[in-house]
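Visitor: Could we go through this model together? I would like to begin with the overall fold and then move to the details.

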Amino acid sequence: MFSFTNIFRVVALLEGVSYILLLFIAVPIKYIFNNPEYVRLLGMPHGILFVLYIVLALVIKSQFKWTTKELAIVILASVIPFGTFYIDRTYLKSTK
């Protein structure tokens, strides 16, 4: 069944993976080997997933009855490596 929560969980996973790939693989390749191709390939999908993550977090805020502080933590987690995995485990675990 498709719900905003399930979609958010998938987007959070994909956003987290794309961020890790971008930070730990594409950016080092860009600067060590002077090859920006991987950043170009991963940058746009990651950007779209990032925006979608933020929008979906705002949409499901009322469903989970998140306070402003909790919402800020969920949003902040999108800019911390592995942060979206933490959010899935701690804030979304009731939907598993």
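**Fold and local geometry**

Guide: Read from the N terminus, the elements of the protein chain follow the order α-α-α-α. Please note that this is a predicted model.

Visitor: How many helices and strands does the secondary structure come to?

Guide: The protein chain has 4 helices and 0 strands.

Visitor: What does the C-alpha trace span along its principal axes?

Guide: The C-alpha trace of the protein chain spans about 45 × 25 × 20 Å.

Visitor: And what is the mean pLDDT of the chain?

Guide: The mean pLDDT of the protein chain is 94, and 96% of its residues reach 70 or more.

Visitor: In which helix is confidence lowest, and in which is it highest?

Guide: Confidence is lowest in helix α4 (residues 83–90), with a mean of 95, and highest in helix α3 (residues 68–76), with 97.

Visitor: Turning to packing, at what angle do α1 and α2 pack?

Guide: Helix α1 (residues 4–32) packs against helix α2 (residues 37–64) at an angle of about 150°, and their axes are 8 Å apart. Angles over 145 degrees count as roughly antiparallel, so α1 is roughly antiparallel to α2.

Visitor: Is that crossing left-handed or right-handed?

Guide: The crossing of α1 past α2 is left-handed.

Visitor: How do the residues of that contact divide?

Guide: In the contact of α1 with α2, 24 residues are nonpolar, 5 are polar and 2 are charged.

Visitor: What about the phi of Phe82?

Guide: Phe82 also has a positive phi, near 70°, and is a residue other than glycine. Phe82 is located in the loop between α3 and α4.

Visitor: Why does Phe82 count as partly exposed?

Guide: Its relative accessibility is 48%. Exposed means over 50% and buried means under 20%, with partly exposed in between, so Phe82 counts as partly exposed.

Visitor: For the whole chain, what percentage of residues is buried?

Guide: Of the 96 residues in the protein chain, 33% are buried.

Visitor: And which share of the contacts joins residues at least 24 apart?

Guide: Among contacts in the protein chain between residues at least 6 apart in sequence, that share is 64%.

Note on methods. Residues numbered from 1 in each chain as written. Predicted model: local features only at pLDDT ≥ 70, side-chain atom pairs only at ≥ 80, totals over all residues. Heavy atoms only, no water. Axes fitted to C-alpha atoms, helices over the stretch in contact; angles between N-to-C directions. Helix = DSSP H or I, 4+ residues; strand = E, 2+ residues; numbered from the N terminus. Parallel < 35°, antiparallel > 145°, perpendicular 65-115°, else oblique. Left-handed = near helix turned anticlockwise from the far one by under 90°. Nonpolar A, V, L, I, M, F, W, Y, C, P; charged D, E, K, R; others polar. pLDDT = per-residue confidence, 0-100. Buried < 20%, exposed > 50% of the residue type's maximum accessible area, 1.4 Å probe, protein only. Contact = heavy atoms within 4.5 Å.
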